[in-house]
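Thanks for asking me to look this one over. My notes follow, in numbered points that you can check against the view below.

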Amino acid sequence: MHAIIKSQKITSMKRIFAAIIIMSTLYACGNQNGKPAAASATEEKKEGNGNPSYDPNRGEGKFKTVEVSGKLDAAMADNGFKVFSVKCSSCHKTTDEKLVGPGWKGVTVRNTAPWIMNFITNTDEMINKDPKAQALLEICLVRMPNQNLSDDDARNLYEFMRKNDGVK
Amino acid sequence: MSYQKLNIQILYSMKKTRYNAIAMASFALLLGVQACKPKNAGNAVSADAAAKAYVAPGKYDEYYNFVSGGFSGQMSVYGLPSGRLLKVVPIFSVNPENGWGYSEETKPMLNTSHGFVPWDDQHHLDLSQTNGEVDGRWIFANANNTPRVARVDLSTFHTAEILELPNSAGNHSSPFITENTEYVVAGTRFSVPPDDKNGDVPINTYKQNFKGTISFISVDKNNGNMDIAFQLQCPGVDFDLSHAGKGKSSGWFFFSCYNTEQANTLLEVNASKRDKDFIMAVNWKKAAELAKAGKGRKQAVKYASNRYDEKTHTATSTIKTEVTVMDVKDFPELVYFIPCPKSPHGCDVDPSGEYIVGSGKLAALIPVFSFDKIQKAIADKAFEGNYDGIPVIKYEAALYGEVKKPGLGPLHTEFDDKGNAYTTMFVSSEVVKWNVKDLKVLDRVATYYSPGHLMIPGGDSKKPSGKYLVAYNKITKDRFLPTGPELAQSAQLFDISGDKMQLVLDYPTIGEPHYAQGVAASVIRDRSVKFFKIENNNHPFVSKGEGTTKVVREGNKVHVYMTAIRSHLTPDNIEGIRVGDEVYFHVTNIEQDWDVPHGFAIKGATNAELLIMPGETSTLKWIPEKAAIVPFYCTDFCSALHQEMSGYVRVSPAGSSVPLSFSTGTNLPKSDSASKK
């Protein structure tokens, strides 16, 4: 391992160094995905960041396309608010002010529906490979907890975010 | 071993004095008695042992191993073959590190008819079974001192229930189960006058006044809830261990007993006089039918039934006042005594259910009884007499055969999947493997030192595994680096897959292990709960989200509804608390992910801290003693900003007019401006 590192050029050493820092930051924040190494070995094989097939607008997770109407579904947004109150509001404000995590104002403008819904349901994998999620981690330094949202929870939350962003 | 004996003899024969000749003889005698006492701590291990116990980082063990904690009162969980300690489950002893017995929710679990009991002596464990095979749902644990039986839920590894036993004193032959976990039994080690009789009698009236009680505890198939179905009042003796029959013998239960002399003093001598004591055979199916038919007398007693509700995360203790007792003398064909040499300890039934092995700790042989012969002896009335009104079957009529010269001090026997039995020899410090059919000794291996119980995963079930055996040794001496006078007890793992047993690993354990259980990891692993769903949390003081946090005063009681999430507590500034208040911190961990507990500790708390699992609510009671600013914080390193997870309580003097207020993330303008003046 030493020999390999020594043979690298300075620039790639820097890159490795940066990678080590990121990895140790992730590590310092606790068990990366709550799974043992044995179980995550298969996941590591999948290419994430840097893989040309990775769609940074969609993120990684079960949601590929999300049907979103031009109008707000008020009932869904209300259910989303209930989930927000229990599972999200400790760390996120509905304004643009950062608390533990970023404020939610404008979140639906900055990100697509699948990206948001993948991030809030498949949190660990997204933080491990998604460039935008990783950039947020560098700012917030607390890994967003996986709050084990159901698919409906995620969709309702997205609707609440839309309402928060002024969709009527 | 014989080398060493030879060496010593040579050594002594060099000095031909009479004194040395005597010394030599006594040395030889000693060595003869301790024929298998190991001589060197390291010489019994072969080269591939390390590989056999090695579980690579990130890989799982093959077996869960549940080990009784003895005087620690708790149960430890190890992985096998690595011997890695995975968890200590608090059961009968308070555990300040996670608040067990200190939090308001768990205090009722340790309630008894004597009040709150913070400790016990936990000896034996039995995993729940279905059709004689380990099903991985629950594990039962006995408390020896203040007689109780506990049930631990193996989806949460949390003690779910503790049931006290009346008419008992020293709940030793417990908590062994029937083939489908219909019942857990609890036999008293110390006979005493029944609870409703005048106990103020001379101790030497043992024979007239003392009784031995066996409790049959029913287990609800669906939720595991335990109740005392009935008790059998038996002659006053010391019930030691027990095991249920299996297959054809599944309707019977077998209990070893000693002190059939009914001695009440210097038992070491006075309870070791008779050549044979007994194994008591109980037709429990018949007893259950009689109890259902309303037989027996209703006796007024007092005992606690404590249950933990996973939805409210709270335990409730109920004092019960009646139990059904059947005096076995009044019900013929219910109970029989089988003579068993000599002060039998282990009472173990082979996987087929045909052979019952009694391990007489003072006997020089191991008797094996036949279930078929016992049945025939009962049918033929092949009795040698009766003991306190109970028929005693003729020894030869029940005996299948004897294992001759197995070693010294046989204690416990477990079985493998190839028809072999393994018995620990306390005095000669070895495990002896013998064949159940022909009763021939096949192998013996030294242990370090003096093993009590041993464990083969599934070794007391219908389907034992044949891979590993663990001996739990009572003496440690030189096995580990010295740690002063008190040493950890040593466990030793043997590979038993071949003809010869092979020592693979030594590892220290917590407390003093007695009996243990093991099961393939797959039976339990996938059902393990990762967090509690916050939606299902029905705790009366839950905070589902920070919006619901608050501080409520009711007279001098103050309830703090608090949430914990990475990385802050809400509220984290609390004012208006007064000296003399009783403050209850009801902390809800609103994380919904695996392995993210939060802690809660407050300066000067005279009880303990809390460890709150994701989705759980726990309560710490705190009585502030003087006006001060008192910090509180999270004790479980949870994130990069864990050190920031803290807060303050302002305590004012009694009668102070500082208003009650609470907040997070708000610097009160008033305070700010006050400080700027």
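**Notes on the predicted model**

1. Let me start with one pair of residues: B:T424 has B:V431 as its bridge partner, the latter in strand 28 of chain B. Please keep in mind throughout that this is a predicted model.

2. That pair leads us to the two strands around it. Strand 27 (residues 420-425) and strand 28 (residues 430-435) of chain B run antiparallel, and 6 bridges join them.

3. Now widen the view to the sheet. In chain B, 4 strands form an open sheet, ordered 26-27-28-29, with antiparallel pairing. Strand 26 (410-415) and strand 29 (441-446) of chain B are the edge strands, each pairing on one side only. On average, neighbouring strands of this sheet are turned by 20 degrees against each other, direction ignored.

4. What about chain B as a whole? It has 9 helices and 45 strands. Its C-alpha trace spans about 95 × 70 × 50 Å along the principal axes. For a chain of 677 residues, a compact globule would have a radius of gyration near 26 Å, and the 29 Å of chain B agrees with this.

5. Two further values describe the inside of chain B. Of its 677 residues, 51% are buried. If you take the contacts in chain B between residues at least 6 apart in sequence, 63% of them join residues at least 24 apart.

6. Turning to chain A, have a look at helix 4 (residues 74-88). Its buried residues are A:A77, A:G80, A:V83, A:F84, A:V86, A:K87 and A:C88. Against which element do the buried residues of helix 4 of chain A pack? Their partner is helix 9 (151-164) of chain A.

7. Finally, a word on confidence. The pLDDT of chain A averages 79, and 70% of the residues score at least 70. In residues 1-14 of chain A the pLDDT is below 50, and this stretch has 4 contacts in the model beyond near neighbours in sequence. Residues 16-48 of chain A also have a pLDDT below 50, and there the model shows 28 contacts beyond near neighbours in sequence.

Key. Residues numbered from 1 in each chain as written. Chains lettered and ligands numbered in written order. Predicted model: local features only at pLDDT ≥ 70, side-chain atom pairs only at ≥ 80, totals over all residues. Buried ≥ 20, exposed ≤ 12 C-beta atoms within 10 Å, placed from the backbone. Contact = placed C-beta atoms within 7 Å. Rg over C-alpha atoms; globule rule 2.2 N^0.38 Å. Pairing = 2+ DSSP bridges. Axes fitted to C-alpha atoms, helices over the stretch in contact; angles between N-to-C directions. pLDDT = per-residue confidence, 0-100.
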